[in-house]
Structures are given as structure tokens and as C-alpha cells.
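Have the viewer ready and follow along.

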Amino acid sequence: MSLTLEIVTPEARVYSDTVDSVVIPTVEGEIGILPGHLPLLTQVAHGELVVAQPGGGQERLAIGGGFAQISGDKVSVLAEHACSEDSIDERAVEEAMKRAQQQIEESQHLDPQQYEQLQKLVNYAGAQLSLKRRSR
Amino acid sequence: MASTRDIRRRIKSVKNTRQITRAMELVAASKMKRAQQATLAGRPYALLMADMLGALASRVDGTQHPFLEKREIKTRGILLLTTNIGLCGALNANLFKLVGEVKSAAKFVAIGRKGAQYLARTKRDLIAEFVVDDRGSFNEVKVAIEFMTERFLAGEIDTIEVIYPRFKNTLVQTPLLRPVLPLSNVRDFAATLEVEAGVHSDSPTDTREMLFEPSAPEVLDALLPFYVNRFIHQLVLSARASEFSARMVAMKTAKDNASKLLDDLTLEYNKARQAAITQEILEIAAAQYVAA
């Protein structure tokens, strides 16, 4: 028994493979999905998605906001951003995070939409960094 | 017969035109590539989203959210996606034909200057015009969409529909009117999307009871606006890919035309030149004959 995992962002299909299990960060906490899970539709939070591969290996991806659907043995994740551990450029992410935080602090009259946008950026950057640093 | 000088002048001007159209073709071609990639890359996302929405909508009551509710249609809200500049063949004209077919009361929102101009000229009720850059960035599109959804929720307009050129391939773009809200029948909608994209879900649909976290209404509240934004953005990307494809093809045709014209003119020029030379030789020969 195995699961089919698919992670799709607006830019590309990031991941599409057969896996043993997957841990998804949801707004209510992390959930682990094994084959035979009940159908579920849930909101995905910013954080770390852990894939257990059939060979016994593990892969971690940083993921930013979206939805996940489990239907049969198919796990589909619809995320605004997603990237694998290797493709994270720590320095670039740090800088992006700093820039966004600065913008939030400097301008008092941000309209709520912009604020939300920036906050999302910061959250996603945070998720990327914690993933990269932990693996050292 | 035109003098050789006149012909030379025309040759020069046609050459200039050819150079300009060739440059524009190259620019459009590179932009087209990027735009096409963007729209094709976004399709699986839109599909998956429609799939999720379908699964969700079939399990909740349609009256739980204003986006799903069926209501009497008094004023339609139509978003018209056109280009900012011309020189793209019949792309905009084909869209305007579709606009002309809208007879019922409707309010229009335009993205793209050409569309706004057309709506103003034909005295349609244009309530807003938005400008979106060539890449069709999500944040800029979002402003326009949120403007429309606000009007929709306030009851000022009763539908949200989009008229846009659907990108099929470089040579074919079909003008299309696509209803977005209200989503009274999501399942059919997801199915049409799948047929258009040329995929069909091979996995049997799971009809078991589905869990929603945190809860069905909350997921619905989050997913629906998200869906509307992303879906219309995808249409904008498609419109952009169509624009650059149409422009590239139009410019290529113009360039080829110029080349053909140039060939004809060169031939005519050579003929005229040859005729003048023959004339001169004849005159000299005749003069010598008389002198002798």
C-alpha cells in the first residue's frame, strides 16, 4: 500500500510521486497521513512537509499556505509556494524576510491587504529558514 | 512608368517597415514564450482547485455561501480582458463581437486600454478600468477581482463573467465568455475544465463522507475567494499568452508582406533601370549613325 502525493503551486507541479507517508502542517497542527486515510479536506499552514519515501529515505519541503485534499490513496496539496530543502538559498531568504519585515514596521498606513501579503511572505520565509537550519 | 528615383524611395521605406515589424516580431516571440509557459504551468493548479471545490460543494449545502447561492440575475458583471496596445490582428475585434452579443443589462470592468476604449465608444456601462502589466502579475489582477467581488457581494452585480481570448496554441485563440460566479454547479464546471485541458481523472470519485478541518464552512470561506482570485488570474495569463501569440503572428505576416513587396519593387526598379540604359544606348547609336 502506498500513497500518491502531488504538490501543485501556481508556478509548477513541484512534486508528484509515490510515497509511504506524509506529514502535512495544517492550521490545526501537523497531521500524518498513511495509506487508507479517510477523505479529508483541510487548510494547510506555513511550515514543513515531510515525505517518507518508499526506500526509507525522507524528504522535507517548505510549504506556504494552501489546501490539501485526501481522497482515496491520493494526497493533493494546493500551495501558494513550495520548495524542496536543496533549493532554498538561505541568504536570499533571510534578505527577503528582512525586507518584508522592514516594510511592515516602517509604514504605519499599510492597507490590510498589503499587510497580509507581507505577513505571508515573512511566514513562508520563516518556514524555509527553520527547515534549512534544522537539517544541519 | 515610375521613375527609378521614386522606386528607390519606396524600396527604402518598405525596408524600414520590414525592419520594424521584424523587431516587433522578435519582442513578441520572447514575451510569448514566457507567457505561454506561465499559463501552461498554471493549468494543473487551476484543475486541482476546481477538483477540490467540486468535492467540497457536493457535500455542503448551496446556501451556505453567497458565492454558491443562485439568485435572480438583474445586472450582469462582465470583466473584459483585452490588450493595451493594438497590432495584434483580430484578437480584440473578436472579443468585441462577443461583447456586442450581450444584450441584457450589464456592468463592465475592463483590464486593458483597448477594451475600455471600446466600451466607452459603444456607451456601455463601464464601472472601472484596471491596468495590468505584461506579465499579468497576481497582485495587480487581484485588485480588479476584489473590486468585482465586493460589488457582487453588495448586490450591485449578480454575476461575475469574464470575456477573454482563450489561449489554445500560437495560431489559435478563441474568444470566450466564461461565467465565474455564482458557482451554482461546481461539479459540471470542474468537468468542463478537465475536458478542455485534455485530462480526465482516472481515479474513481470518492463518495465517502469527507472530513473538513477546521470545519466545512470555514474551509469554504477560505477556499472560495481564493479560488475566484486564482481562477481569474489564470484567465488573465491565458489572455496575455494569446495577446503575444497574436501579435507575433500579425507581425510575422506584416514582415513577410514587406519582403514580398520588396521583391516586386526591386524587380520593377531593375526593369526601369534596364529600360533607361537601353534607351540611352539606342540614342547614342542613332546619333552615330546619323553622324556617319
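This is a predicted model: local features need pLDDT of at least 70, side-chain atom pairs count only at pLDDT 80 or more; totals for chains, interfaces and linings use all residues.

Let's begin with chain A. Its secondary structure comes to 2 helices and 8 strands, and the order from the N terminus on is β-β-β-β-β-β-β-β-α-α. The radius of gyration of chain A is 16 Å, close to the 14 Å that the globule rule gives for 136 residues, so chain A is as compact as a globular protein of that length. Along the principal axes, the C-alpha trace of chain A spans about 55 × 30 × 25 Å. Of the 136 residues in chain A, 45% are buried. If you look at contacts in chain A with a separation of 6 or more, 54% of them come from residues 24 or more positions apart.

Now turn to chain B and a pair of helices. The axes of helix 4 (residues 138-154) and helix 6 of chain B come within 9 Å and cross at roughly 120 degrees. Angles of 65 to 115 degrees would count as roughly perpendicular and those over 145 as roughly antiparallel, so helix 4 of chain B is oblique to helix 6 of chain B. The crossing is right-handed. On the helix 4 side, the contact includes B:Phe138, B:Val141 and B:Ile145, and on the helix 6 side B:Val228, B:Ile232 and B:Val236 are among the residues involved. The residues of this contact divide into 6 nonpolar, 3 polar and 3 charged.

The loops of chain B deserve a look too. Most residues other than glycine have a negative phi, and most peptide bonds are trans. Where does B:Leu87 lie? B:Leu87 is in the loop between strand 1 (76-81) and helix 2 (91-100) of chain B. This residue has a positive phi of about 55 degrees although it is not a glycine, and B:Leu87 is exposed, with a relative accessible area of 54%. B:Lys123, in the loop between helix 3 (113-121) and strand 3 (125-130) of chain B, also has a positive phi, about 60 degrees. B:Lys123 is exposed, with a relative accessible area of 73%.

One runs from B:Leu181 to B:Pro182, with omega near -10 degrees, and B:Pro182 is found in the loop between strand 5 (173-181) and helix 5 (186-197) of chain B. Another joins B:Glu213 and B:Pro214, where omega is about 0 degrees; B:Pro214 is in the loop between strand 6 (211-213) and helix 6 (216-291) of chain B.

Definitions and conventions: Residues are numbered from 1 along each chain as its sequence is written. Chains are lettered from A and ligands numbered from 1 in the order in which they are written. Side-chain values use heavy atoms; hydrogens and water are left out. Helices (H or I, at least four residues) and strands (E, at least two) are DSSP runs, numbered from the N terminus. Buried means under 20% relative accessible area, exposed over 50%, partly exposed in between (1.4 Å probe, protein chains only). Axes are lines fitted to C-alpha atoms, for helices over the stretch in contact, and angles run from 0 to 180 degrees between N-to-C directions. Angles under 35 degrees count as roughly parallel, over 145 as roughly antiparallel, 65 to 115 as roughly perpendicular and the rest as oblique. A crossing is left-handed if the near helix is turned anticlockwise from the far one by less than a right angle, and right-handed if clockwise. Contact means heavy atoms within 4.5 Å. Ala, Val, Leu, Ile, Met, Phe, Trp, Tyr, Cys and Pro count as nonpolar, Asp, Glu, Lys and Arg as charged, and the others, Gly among them, as polar. The radius of gyration is taken over C-alpha atoms; the globule rule is 2.2 Å times the number of residues to the power 0.38.
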